[in-house]
Amino acid sequence: MSDKPFTFTLPGTGEIRPSRCDSHIERCLTSMRGMFQDEKAYEAMLAVEDKLLYEVFEIRRPEAVGELISGISVVHPGLVGNEYYMTKGHFHSVLATAEIYYCISGSGCMVMENPEGECDVEWFHPGTVLYVAPRWAHRSVNTDLDHDLVTYFVYSGNAGHDYKTIETYGFHQIVMHSDKGPVVQDNPRWKGVRGAM
Ligand code: PAN
Ligand code: ZN
């Protein structure tokens, strides 16, 4: 990997690919087993098609202190039962590493929580910059049922990803679709002991 400076361009509205991309990850329904509330709806959807829920295009850099890894996250529109398509979500393995998200197009939110169980949900609209403070787990949720949620993210090269904690316990909060729009609720299936995480 070159150590020289470089440039690239972010996707415009209606596009999803940055002009430079070293890795492209596609996450389908199968990789989100157990994460949605409505298991029957999940299994029924999966029986028809293993739908693509979100994609990540990364501009890779060495996973080292001082480096910055960035890329584009695209959460496609849709519902599993009454729950919006979302990312798996994770803590950074090096908890003390922050992340910046910039919303390019679409709308939705970031569901966040820290290991003490404090929760926060911040909303994305085109132009929103979100600072995910160190120690906060984060999950992107697309609450627009007609358009992709496209964000640009930047995080420390050494951050690493801890998916297991969220896979085991879930997030304390969920975002559900209603006639009046998105509603943030306590997660009835959260598997930890409240106040103990
Ligand atoms: C992002 C996320 C990306 C996909 O690059 O990795 O939005 O979400 P999951 O990793 O939870 O599947 C990031 O936050 N990196 O640290
Ligand atoms: Zn992250």
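A polar contact here is a pair of N or O atoms within 3.5 Å; inside the protein, one atom must be able to donate a hydrogen and the other to accept it, and residues adjacent in sequence count only if both atoms are side-chain atoms. The structure is a predicted model, so local features need pLDDT of at least 70 and side-chain atom pairs pLDDT 80 or more, while totals for chains, interfaces and linings use all residues. Residues are numbered from 1 along each chain as its sequence is written, chains are lettered from A and ligands numbered from 1 in the order in which they are written, and side-chain values use heavy atoms, leaving out hydrogens and water.

One such polar contact, at 2.9 Å, joins the side chains of Asn-114 and Glu-118. Asn-114 sits in the loop between strand E8 (108-113) and strand E9 (119-124), strands being DSSP runs of at least two residues (E) and helices runs of at least four (H or I), numbered from the N terminus. With a relative accessible area of 5%, Asn-114 is buried (under 20%; exposed is over 50% and partly exposed in between, with a 1.4 Å probe and protein chains only). Leaving aside residues up to four places away in sequence, Asn-114 touches Phe-91, Arg-135 and Trp-136 (heavy atoms within 4.5 Å).

Ligand 1 has 17 residues around it (a heavy atom within 4 Å), and Tyr-54, Glu-99, Tyr-101, His-161 and Tyr-163 come nearest. Oxygen atoms of ligand 1 lie 2.8 Å from a backbone N or O atom of Gly-89, 2.6 Å from a side-chain N or O atom of Tyr-101 and 2.4 Å from a polar side-chain atom of Tyr-163.

Finally, helix H1 (residues 39-48) has Ala-41, Tyr-42, Met-45 and Leu-46 as its buried residues. The face turned away from that buried side carries the exposed Lys-40, Ala-47 and Val-48. Strand E4 (79-80) is included in what covers the buried residues of H1.
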